[in-house]
Amino acid sequence: MSEAPCLKLHDAVQYLKGVGPHGAQLLDKLGVRTLWELVTYFPREYEDRRTWPALSALKPDTVGYGLVRVVDVSHRQAGNRMGITKATVSDGKSTVRAVWFNQKYLKAQLKPGQDLWLKGRLNWNGHEDEWQWIISDTEWMSAANREVAVGCIVPVYALTAGLSQVRLRTWMRQAILMAVPQRVEPYPHTMLQEAHLMGLGQAIVDIHFPKQADAYHAARRRLVFDEFFYPQLAIGLRRYHVQTTMKSDPLMLSGELTRHYTARLPYTLTQAQQAVIRDVLADVQKTQAMNRLVQGDVGSGKTDVAAVALLAAVESGGKGAVMAPTEVLAHQHFLKFQTLLSPLGVKVVLVTGKQSVGQRQAALSELSKEDPLIVVGTHALIQEALVIRNLRLAVVDEQHRFGVLARTELRRKGANPHCLFMTATPIPRSLMLTAYGDLDKSIISEMPPGRVPPTTTSTVLDNENEIFRLCLDRLSEGRQVYIVFPLIEESEKIDLASAVAAFERLQASVFTGYKVGLLHGRMTTREKAEVLDRFKSNAAQVLVSTTVIEVGIDVPNATVMVIYHAERFGLAQLHQLRGRIGRGGGRSDCVLVCTSREDAKGARIKALVETTDGFKLAQIDLKLRGPGALNGLRQAGMPDYKLANLITDELLLLLAREMAGKVVASDPTLKQPTHKWIRSELARLNQRLGWGRLN
Ligand code: ADP
Ligand code: MG
């Protein structure tokens with residue numbers, strides 16, 4: 001008897017019986033190339049086909065399903081568009097008329113005597129005076145597939161055109177029989193026991209073909225645990241590595257410059273800012289590099305925390321670097337630092353991708369010297385060739401805009417400099433543990449005094465005149481107005497054109513008594529800086545802008561923010577934009593202008609109208625979009641979860657974290673024989689996510 005060859009786990013799935021080159025192509029579209037990838041392609045949902053009702057029990061106007069045999073078949077062409085196939089089908093006790101629309105292939109394939117699993121809606125057809133079962137899903141039963149298609153809980157997979165549930169299910173069953181015996185359990189027995197986990201092989205079987213609900217839940221629990229465990233282990237090891245081996249020179253603080261800086265500010269730092277600054281200054285005096293995330297809502301005053309940290313580097317005779325995600329923001333930091341620090345004798349240098357060659361050369365020559373200074377820049381700062389000599393401390397502003405790698409690259413610019421990461425995007429606890437689990441955290445928990453949260457309303461384009469009235473009203477009180485248009489890459493040209501057109505229209509016919517500025521990403525750095533400066537100094541009262549103003553722009557006198565086509569923005573982005581106003585005390589207004597009334601009812605728009613609490617909004621965002629979509633996390637090297645849900649599976653996440661912690665504590669190099677398989681599993685994950693470069 002010749003047996004089909006047994007594939008190894010990482011063999012191409014093409015050689016599985018019945019798959020072949022064409023099947024392999026289809027599977028490839030689902031991201032499945034190997035045997036192991038096939039068995040870890042999990043069902044989207046399940047159908048409980050352990051029992052099903054008799055045909056006579058099908059209910060009118062509802063979807064029902066059942067196993068039937070074809071009695072007779074007929075086809076009819078209605079016009080040249082609509083093909084209708086009808087069959088009398090029987091369950092052995094009674095019959096019903098099954099009807100398919102536009103399924104040409106049925107004409108050749110449907111024959112009396114065949115067994116089918118059908119799903120459809122029972123409708124009354126008055127014309128023909130009969131009940132008809134309008135079929136939406138057809139599965140052909142054969143001896144081979146029958147045992148995984150009826151009489152059990154049946155997996156339903158996400159498919160691709162040309163692939164049927166029946167085929168995929170048949171392949172899956174074969175693949176599981178082949179793969180599971182080969183798969184070694186990576187966890188030591190003690191861990192399985194302690195965490196009450198099902199074995200991996202059994203979990204693979206039961207996630208596809210659960211015998212009952214309990215088996216499914218246990219299988220899912222094991223597999224979700226796995227999805228959390230390895231990333232938590234990677235984070236734990238990285239943290240251990242940083243703590244034990246990455247020694248850093250402590251900064252020697254005189255406190256001189258930081259004292260002068262705070263004295264020169266036109267306000268007193270809030271308690272919260274001071275507390276975070278204390279955390280930072282304590283960190284930089286240790287022999288272990290600072291690795292701290294500062295989280296503070298938009299407008300909480302993170303820039304001053306950054307400034308103090310940078311000055312600490314300068315005080316101890318080194319350089320401090322701060323990297324911002326946009327040209328505009330880098331420029332703004334540069335101006336603020338220059339104004340406040342030049343009088344203290346601290347040199348501030350700017351590095352961006354758009355500088356002239358001359359400016360760039362001058363900056364580079366400063367950076368290559370030993371002397372202390374502060375450098376402000378964009379992504380340009382982490383270019384391979386750029387050298388920052390004597391870099392002692394690095395700040396990444398709006399860190400969620402950068403990936404994990406960017407933060408490592410910056411660290412590489414020095415001999416393990418102290419690092420500070422700042423973000424306004426509040427991160428729910430579960431995400432904090434997964435995406436940022438290796439960082440220490442400080443939270444700026446209070447806003448500067450006198451902030452009044454903006455009032456947010458939503459409206460539609462039709463009400464433009466009302467919006468203009470509000471703007472003109474505030475302008476007449478001496479206030480300033482932001483008007484924002486979306487600009488996304490896919491439709492960049494059209495978006496830009498509509499922003500420019502709006503600018504011209506607003507200047508010519510609405511805000512005639514005022515100066516209107518235009519800001520967008522295509523402008524040169526100098527042009528952008530000029531426009532912003534004019535707005536800052538109130539030489540322009542209205543600023544029409546694409547989303548380049550999203551982060552960091554700070555003009556307290558601006559109290560109105562109008563956002564056109566608000567439905568096209570993400571929740572986090574809208575919250576950031578809104579954070580531009582409400583900074584000067586007194587009333588401020590954010591108007592979300594939606595394209596249609598339907599849009600205005602959207603969940604994101606509603607959430608923004610209802611709350612200004614960034615943390616709540618982040619939770620809502622996580623619920624609405626799932627974690628993968630959250631700002632910057634994809635880039636941040638977050639795994640895509642197949643099964644895990646960061647909100648509902650938080651307890652499992654904590655369990656995985658605890659177990660990973662125990663492994664790190666007992667065997668930080670994973671050299672113990674019991675951890676052999678965990679070690680190779682982790683190596684695979686590191687490779688897939690590009691985490692290898694992190695340590
Ligand atoms: P973000 O946290 O969003 O980066 P910024 O550092 O840009 O916030 O600060 C926002 C605004 O608040 C700036 O105008 C800044 O000068 C001002 N600010 C910062 N700290 C204080 C404070 N303690 N009291 C009053 N205003 C402050
Ligand atoms: Mg900021």
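Analyst: A polar contact is a pair of N or O atoms within 3.5 Å; within protein, one atom must be able to donate a hydrogen and the other to accept it, and residues adjacent in sequence count only if both atoms are side-chain atoms. The model is predicted, so local features need pLDDT of at least 70 and side-chain atom pairs pLDDT 80 or more, while totals for chains, interfaces and linings use all residues. Residues are numbered from 1 along each chain as written, chains are lettered from A and ligands numbered from 1 in the order written, and side-chain values use heavy atoms, without hydrogens or water.

A polar backbone atom of Gly299 stands 2.7 Å from an oxygen atom of ligand 1. Another oxygen contact, at 3.0 Å, involves an N or O atom in the side chain of Tyr267. Thr268 places a backbone N or O atom 2.9 Å from a nitrogen atom of the ligand. Of the 570 Å² of accessible area (Shrake-Rupley method, 1.4 Å probe) that ligand 1 has on its own, the protein covers 88%.

The shell contains 18 residues, and the closest are Gly299, Lys302, Thr303, Arg451 and Asp554; a residue belongs if one of its heavy atoms lies within 4 Å. Four are nonpolar, seven polar and seven charged; Gly is counted as polar. Helix 11 (residues 302-315) contributes the most, with three residues. Helices (H or I, at least four residues) and strands (E, at least two) are DSSP runs, numbered from the N terminus.

Turning to the sheets, six strands form an open parallel sheet in the order 15-20-19-16-18-17, where pairing requires at least two DSSP bridges. Strand 15 (455-460) and strand 17 (516-519) are the edges; each has a single partner strand, so one side of each lacks a neighbour in the sheet. From one strand to the next the twist averages 15°.

Helix 16 (residues 464-476) lies across strands 15, 16, 18, 19 and 20, at about 160° to strand 19. Contact means heavy atoms within 4.5 Å, and angles, from 0 to 180 degrees, are taken between N-to-C directions of lines fitted to C-alpha atoms, for helices over the stretch in contact.

There is also a closed barrel of five strands, 2-3-4-6-5, with mixed pairing.
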